[in-house]
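Subject: Structure handover

Hello,

Here is the structure for you to open. My notes on it follow below.

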Amino acid sequence: MSRICYVNGDYVAEEDAKISVFDRGFLFADGVYEVTSVLGGKLIDFDGHATRLSRSLSELAMPSPVTRDELLDIHRELVTRNGIEEGLVYLQITRGAADRDFAYPTDAAPGIVLFTQTKTLIESPAARAGIRIVSLPDARWGRRDIKTVQLLYPSMAKMEAKAQGADDAWMVEDGHVTEGTSNNAYIVKGSTIVTRQLGTEILAGITRNAVLRFAREAQMKVEERAFTVEEAESADEAFVTSATTFVQPVVSINGSEIGDGTPGPVARRLREIYIEESRKAGI
Ligand code: PDD
């Protein structure tokens with residue numbers, strides 16, 4: 001059975017889910033997105049994603065075609081119609097279809113599409129074994145705080161990581177790690193968790209926000225500052241966070257084993273807490 005998608009006001013079978021070739025998301029990557037995870041049929045941190053979406057839209061002077069409540073209804077409806085127990089809802093808003101022109105059109109109606117994907121989030125083999133990271137230059141644009149659909153460089157970096165026998169890349173600018181291709185990056189030194197401070201250089205991860213809150217509540221020490229690749233290679237632990245990976249341990253960086261080369265206790269504990277708390281708070 002094909003999935004039901006949401007396209008500009010209608011619930012349609014995926015074969016019929018189509019948008020215009022003039023859509024500026026297609027022509028200019030003039031669009032923003034969110035990925036919200038689903039656990040036990042419930043949306044995890046919907047409010048965080050809705051708030052970041054509003055901010056991304058406002059940074060691009062793009063109107064929203066829906067209210068927050070409508071957005072929640074659409075998410076829930078898609079989860080129900082597609083019977084998603086564990087997986088994700090993908091949402092994309094673009095400036096809409098218009099004649100090709102670099103200036104924003106004044107008369108385009110913003111477009112909105114959503115679809116679901118079933119995905120194993122809890123019992124993921126990568127979470128159990130940990131992932132291998134290589135560092136690569138960060139060649140993305142300068143407004144990484146806006147969650148745009150302009151994802152070609154992260155795709156290239158992921159492919160380069162795989163070509164080097166790793167699972168993913170951490171991107172590096174001026175000698176310091178910014179973030180992973182599609183996740184936030186952390187190291188643990190002694191008992192301190194270190195992750196880059198927010199700014200235009202990284203995306204303000206919704207999972208990052210929750211995980212740092214849980215870490216502080218559990219009396220763990222957190223430092224929000226930039227760290228170097230060398231610091232990461234010699235860290236006691238490392239991990240990444242995102243809506244689709246939760247907390248995922250990193251076991252090697254540029255071929256250097258992290259700790260004893262297996263998932264570390266801080267990452268494992270934070271993953272447990274994150275899953276437990278998210279299950280309770282899902283809507
Ligand atoms: N990616 N940094 C980048 C560059 C990201 O693309 C993502 C998320 C994150 C983590 O953000 P959050 O915790 O809100 O998921 C950080 C999503 C999952 C994706 O593109 O599929």
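First, a definition: buried means under 20% relative accessible area, exposed means over 50%, and partly exposed lies in between (1.4 Å probe, protein chains only). By that rule Ile 131 is buried, because its relative accessible area is 6%.

Please note that this is a predicted model: local features need pLDDT of at least 70, side-chain atom pairs count only at pLDDT 80 or more, and totals for chains, interfaces and linings use all residues. Residues are numbered from 1 along each chain as its sequence is written, and side-chain values use heavy atoms, with hydrogens and water left out.

Back to Ile 131. This residue sits in strand 7 (residues 131–137). Helices (H or I, at least four residues) and strands (E, at least two) are DSSP runs, numbered from the N terminus. Ile 131 touches Ala 126, Asp 167, Val 240, Gln 248, Pro 249, Val 250, Val 251 and Ser 252, leaving aside residues up to four places away in sequence. Contact here means heavy atoms within 4.5 Å. Lys 162 is 31 residues from Ile 131 along the chain, and their C-alpha atoms are 11 Å apart.

How many residues of domain 1 are in contact with domain 2? The count is 21 residues of domain 1, against 19 residues of domain 2. Together the two domains bury about 1,800 Å², with 64% of it on carbon and sulfur atoms. Tyr 33, Leu 39 and Arg 52 supply 34% of the area that domain 1 buries against domain 2, more than any other three residues. Buried area is the accessible area (1.4 Å probe) that two parts lose on being put together, summed over both.

Two salt bridges are counted between domain 1 and domain 2. A salt bridge is a side-chain nitrogen of Lys or Arg within 4 Å of a carboxyl oxygen of Asp or Glu. The side chains of Arg 55 and Asp 145 form a salt bridge, at 3.0 Å from N to O.

Which elements give two or more residues to the side of domain 1 that touches domain 2? They are strand 3 (31–39), helix 2 (46–59) and strand 5 (86–94). Strand 3 gives the most, with seven residues.

Ser 37 is in strand 3. Ser 37 counts as buried because its relative accessibility is 1%. Its side chain reaches the backbone oxygen of Ala 243 at 3.4 Å. Beyond residues up to four places away in sequence, Ser 37 touches several others, including Leu 121 and Phe 246.

Two loop residues to look at. Ala 29 is not a glycine, yet has a positive phi of about 55 degrees. Ala 29 lies between helix 1 (24–28) and strand 3. Asp 45 also has a positive phi of about 55 degrees without being a glycine. Asp 45 lies in the loop between strand 4 (42–43) and helix 2.

Best wishes

Notes: Polar contact = N/O pair within 3.5 Å; in protein donor to acceptor, adjacent residues only side chain to side chain.
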